[in-house]
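This report walks through one protein model, from its pockets to its strands. Keep the sequence and the 3D view at hand.

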Amino acid sequence: MTLLALSSLTVRLGARAVVDGVDLTVSEGEFVGLLGPNGAGKTTLLRAALGLERFAGASDLAALPPAARARRAAFLPQRREIAWPMPVEAVVALARPRDPGAVDRVIARLELEPLRRRIATELSGGEQARVLIARALAQEAPLLIADEPTAGLDPAAQLGVMEVFAGLASAGGAVIASLHDPGLAVRHCSRLVVLDRGRVAADGPPAVVLTDELLARVFGIRAWRAETPEGPVFQPIGRVPR
């Protein structure tokens with residue numbers, strides 16, 4: 001089942017197309033990593049898909065009424081600040097105030113039990129980020145749209161979040177997440193979509209998408225990669241002129 005369908009999606013800032021004619025579908029079972037250099041249009045694309053930016057073209061998600069949209073998709077924005085001096089469990093429960101079971105499940109899944117009764121505004125930035133990820137997951141929508149979900153997290157927390165997202169997809173949901181770490185994306189995503197200057201430069205399995213030519217042309221890097229008993233490893237090792 002398709003959970004997100006975009007057709008010729010275009011967002012303009014003045015005369016410039018920040019997102020330029022993007023066609024994209026995300027289906028059940030997929031963990032889609034949205035990659036691209038700074039300014040490629042990743043955040044704008046995700047926000048437009050949700051109807052949070054004015055756009056031309058079509059997004060089946062943005063076309064839904066707000067309540068139906070919230071049942072279809074949860075959104076984790078790039079800016080993650082907690083303004084409310086309340087316990088962690090209360091912040092997570094904002095997504096499901098009438099379902100304490102959902103709150104318990106996501107707190108356990110993100111290993112937040114030791115923080116459960118701590119005041120959220122007193123946590124570190126990385127801990128607050130995990131709390132807000134938990135709040136998005138507590139919505140239990142079939143589609144999760146996440147903008148740089150691993151930013152500000154330590155390596156163990158990054159791996160934990162990516163494992164949770166991959167688990168959501170393998171259980172029949174879907175995730176599309178903008179990411180800046182291709183190593184994490186290669187290890188955990190089932191599919192990569194690369195944006196370059198607002199357009200889709202590549203779309204497919206990680207091993208097919210991240211060619212030497214694309215890495216040099218879009219990201220200006222060289223990379224070392226290997227298949228290991230613990231899965232694929234991808235490490236940028238140098239810059240190349242674009």
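**Pockets**

Helix 4 gives the most to the lining of the largest pocket, with four residues. The model is a predicted one: local features need pLDDT of at least 70, side-chain atom pairs count only at pLDDT 80 or more, and totals for chains, interfaces and linings use all residues. Residues are numbered from 1 along each chain as its sequence is written, and side-chain values use heavy atoms, with hydrogens and water left out.

Some terms come first. A pocket is an open set of points on a 1 Å grid over the protein atoms alone, where a 1.4 Å probe fits, with protein on both sides within 12 Å along at least five of seven lines; lining residues have an atom within 4 Å of a point. A volume is the space filled by probe spheres set on the points, which are joined across faces, edges and corners. Helices (H or I, at least four residues) and strands (E, at least two) are DSSP runs, numbered from the N terminus.

The largest pocket has a volume of about 230 Å³. Its lining holds 16 residues, and Arg 109, Leu 137, Glu 140, Ala 141 and Leu 168 lie nearest its centre. Helix 4 (100-109), helix 5 (125-138) and strand 6 (143-147) are the elements that give two or more residues to this lining. By class, the lining of the largest pocket has 12 nonpolar, one polar and three charged residues. Here Ala, Val, Leu, Ile, Met, Phe, Trp, Tyr, Cys and Pro count as nonpolar, Asp, Glu, Lys and Arg as charged, and the others, Gly among them, as polar.

The second largest pocket has a volume of about 150 Å³. Its lining includes Val 186, Pro 206, Arg 225, Glu 227 and Phe 234. Helix 8 (206-209), strand 10 (221-228) and strand 11 (231-239) each give two or more residues to it. The lining of the second largest pocket divides into eight nonpolar, no polar and two charged residues.

**Helix 1**

Burial is judged by relative accessible area: buried is under 20%, exposed over 50%, and partly exposed in between (1.4 Å probe, protein chains only). Six of the eight residues of helix 1 (residues 42-49) are buried, so this helix is largely enclosed by the rest of the structure. The buried residues are Lys 42, Thr 44, Leu 45, Leu 46, Ala 48 and Ala 49. Gly 51 follows helix 1 and has a positive phi, near 85 degrees.

**Salt bridges**

The structure holds 15 salt bridges. A salt bridge is a side-chain nitrogen of Lys or Arg within 4 Å of a carboxyl oxygen of Asp or Glu.

| Pair | N to O distance |
|---|---|
| Asp 20 and Arg 199 | 2.9 Å |
| Arg 47 and Glu 53 | 2.9 Å |
| Arg 96 and Asp 99 | 2.6 Å |

Salt bridges that share partners also join Glu 89, Asp 104, Glu 113 and Arg 116 into one network.

What does the bridge between Asp 20 and Arg 199 tie together? Asp 20 lies in strand 2 (residues 16-27) and Arg 199 in strand 9 (residues 199-204), so the pair ties together parts that are 179 residues apart in sequence. Asp 20 is partly exposed at 24% relative accessible area. Arg 199 is exposed, at 51%. Arg 47 is partly exposed at 28%, and Glu 53 is partly exposed at 29%.

**Strands**

Strands of a sheet pair through backbone hydrogen bonds, either parallel or antiparallel. Two strands count as paired if DSSP finds at least two bridges between them.

Strand 3 (residues 31-35) and strand 7 (residues 174-178) pair in the parallel sense over four bridges. Phe 31 has Val 175 in strand 7 as its bridge partner.

Strand 1 (residues 2-13) and strand 2 run antiparallel, joined by eight bridges. Val 11 stands opposite Val 19 in strand 2. These two strands form a hairpin with two residues between them, and Gly 14 in the turn has a positive phi of about 65 degrees.
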